[in-house]
Amino acid sequence: MDTNESPVTLVDARSHELSARLAAIVDSSDDAIVSKTLEGVITSWNRGAERLFGYTAAEAVGQKHFSDHSRGPQGGRDEVLARLRRGKRIDHFETVRQAKDGRQVHISLTVSPLRDAKGTVIGASKIARNITERIQAEEALRRVHAELEERVRARTAELSSANESLRVEMAERQRVEQERIQLLTRLVLAQEDERRRIARDLHDQLGQQLTALRLTLETLKAQSVERSDLRVQVETLEALARQLDEDVAFRVWELRPTVLENLGLQAALTNHVRHWSKHFGIRAHCTRANRQTSA
């Protein structure tokens with residue numbers, strides 16, 4: 001270094017070196033870095049801006065407002081410029097810019113005021129980062145989510161419809177089953193009424209006639225003391241009458257055993273087996289829950 005150089009010359013050299021270094025850093029950045037005047041005229045345009053928007057620095061510098069289609073929460077270009085004039089910084093708001101080939105580029109934009117040596121705002125520096133892939137991924141995720149929600153709603157509606165159909169079918173089956181039970185109940189009651197009526201008629205009418213027959217036979221038997229042949233016939237008729245009386249009593253008991261009403265089903269079944277075995281002379285037994293009744 002020349003010792004004869006003045007301090008001012010040294011400061012200028014260092015300032016120039018620093019400026020060159022900063023320019024190199026800006027130019028090599030992947031983000032688009034642009035500076036503008038307060039009127040919107042572009043004064044610098046780095047390589048990141050060339051790659052992002054498709055315009056070269058020669059095409060962009062000196063131009064004013066490249067297709068600014070802002071839709072971020074901070075508002076449009078006029079509001080941004082108004083805030084810059086007040087020295088306000090705008091951080092990371094999302095907007096859309098149109099590239100040279102017509103593509104809509106989603107960017108996250110940070111805008112800072114540029115000041116002169118006196119602190120007066122003379123322009124703005126903008127750093128734009130491409131977020132198109134993120135926005136597209138978010139939109140794809142929203143579409144998938146919406147499609148999934150629609151499928152869930154459709155499936156839920158389908159299941160609800162199927163459940164309602166099943167509920168209606170079950171209710172119909174229950175109704176039919178109730179009607180069947182009621183019909184069977186009425187049928188059994190009607191059968192029981194008819195069995196009681198027949199048993200009553202047999203007992204009252206035929207029983208009385210058999211009693212009258214036995215009495216008549218006893219009278220004839222008393223009158224046939226001296227006639228042995230007639231007495232034998234009367235005794236034969238008496239035996240037939242007794243057998244007929246027992247058969248009628250058994251049929252009445254079969255139709256409506258009184259033990260069923262008095263003692264219940266188990267006792268009625270046991271009693272029925274016993275009477276049936278005695279009547280027909282066949283050994284039989286009734287078994288229930290490891291208990292056995294023989295006859």
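This is a predicted model: local features need pLDDT of at least 70, side-chain atom pairs count only at pLDDT 80 or more; totals for chains, interfaces and linings use all residues.

Colleague: What makes up the secondary structure of the protein chain?

Modeller: There are eight helices and eight strands. The chain has 295 residues, and 23% of them are buried.

Colleague: Why is Lys-126 called buried?

Modeller: Buried means under 20% relative accessible area. Lys-126 has a relative accessible area of 13%, so the residue counts as buried. Lys-126 belongs to strand E6, and the residues it touches include Ala-32, Ile-33, Val-34 and Leu-109.

Colleague: And why is His-92 called exposed?

Modeller: Exposed means over 50%. His-92 comes to 57% relative accessibility, so the word is exposed. You will find His-92 in strand E4. Its phi is near 45°, a positive value in a residue other than glycine. Most residues other than glycine have a negative phi.

Colleague: What makes Trp-45 and Phe-53 a tilted pair?

Modeller: Two steps lead there. Ring centres must lie within 6.5 Å to pair, and those of Trp-45 and Phe-53 are 5.6 Å apart. Planes under 30 degrees apart would be stacked and over 60 edge-to-face; here the planes are at 45°, so the pair is tilted. The structure holds one aromatic pair, and both Trp-45 and Phe-53 are buried.

Colleague: Which residues touch the most other members of the largest nonpolar core?

Modeller: They are Trp-45, Leu-52, Phe-53, Ile-107, Val-111 and Ala-128, in a core of 21 residues. Among the elements that give two or more residues to this core are strand E2 (42–45), helix H2 (47–53) and strand E5 (104–115). E5 brings the largest share, four residues. In soluble globular proteins, nonpolar side chains tend to be buried together.

Colleague: How do you know that E4 and E5 pair?

Modeller: Strands pair if there are at least two bridges between them. E4 and E5 are joined by seven bridges, so they pair, and they run antiparallel. One of the bridges has Ile-90 with Val-111 in E5 as its partner. The two strands form a hairpin with five residues between them, and Gly-102 in the turn has a positive phi of about 95°.

Colleague: Why is the contact of Arg-129 and Asp-31 called a salt bridge?

Modeller: The rule asks for a side-chain nitrogen of Lys or Arg within 4 Å of a carboxyl oxygen of Asp or Glu. For Arg-129 and Asp-31 the N to O distance is 2.7 Å, so the pair qualifies. It links distant parts of the chain, 98 residues apart: Arg-129 is in strand E6, and Asp-31 is in the loop between helix H1 (7–28) and E1. Asp-31 is at 14% relative accessibility and therefore counts as buried.

Colleague: How many salt bridges does the rule give?

Modeller: The count comes to 16. One of them joins Glu-150 and Arg-153 at 2.8 Å, N to O. These residues are three apart in helix H5 (residues 132–223), so about one helical turn separates them. Glu-150 has a relative accessible area of 44%, and is therefore called partly exposed.

Methods: Residues are numbered from 1 along each chain as its sequence is written. Side-chain values use heavy atoms; hydrogens and water are left out. Buried means under 20% relative accessible area, exposed over 50%, partly exposed in between (1.4 Å probe, protein chains only). A nonpolar core is a set of buried Ala, Val, Leu, Ile, Met, Phe, Trp, Tyr and Cys residues joined through side-chain atoms within 4.5 Å. Rings of Phe, Tyr and Trp (its six-membered ring) pair if their centres lie within 6.5 Å; planes under 30 degrees apart count as stacked, over 60 as edge-to-face and the rest as tilted. Contact means heavy atoms within 4.5 Å. Lists of a residue's contacts leave out its neighbours within four places in sequence.
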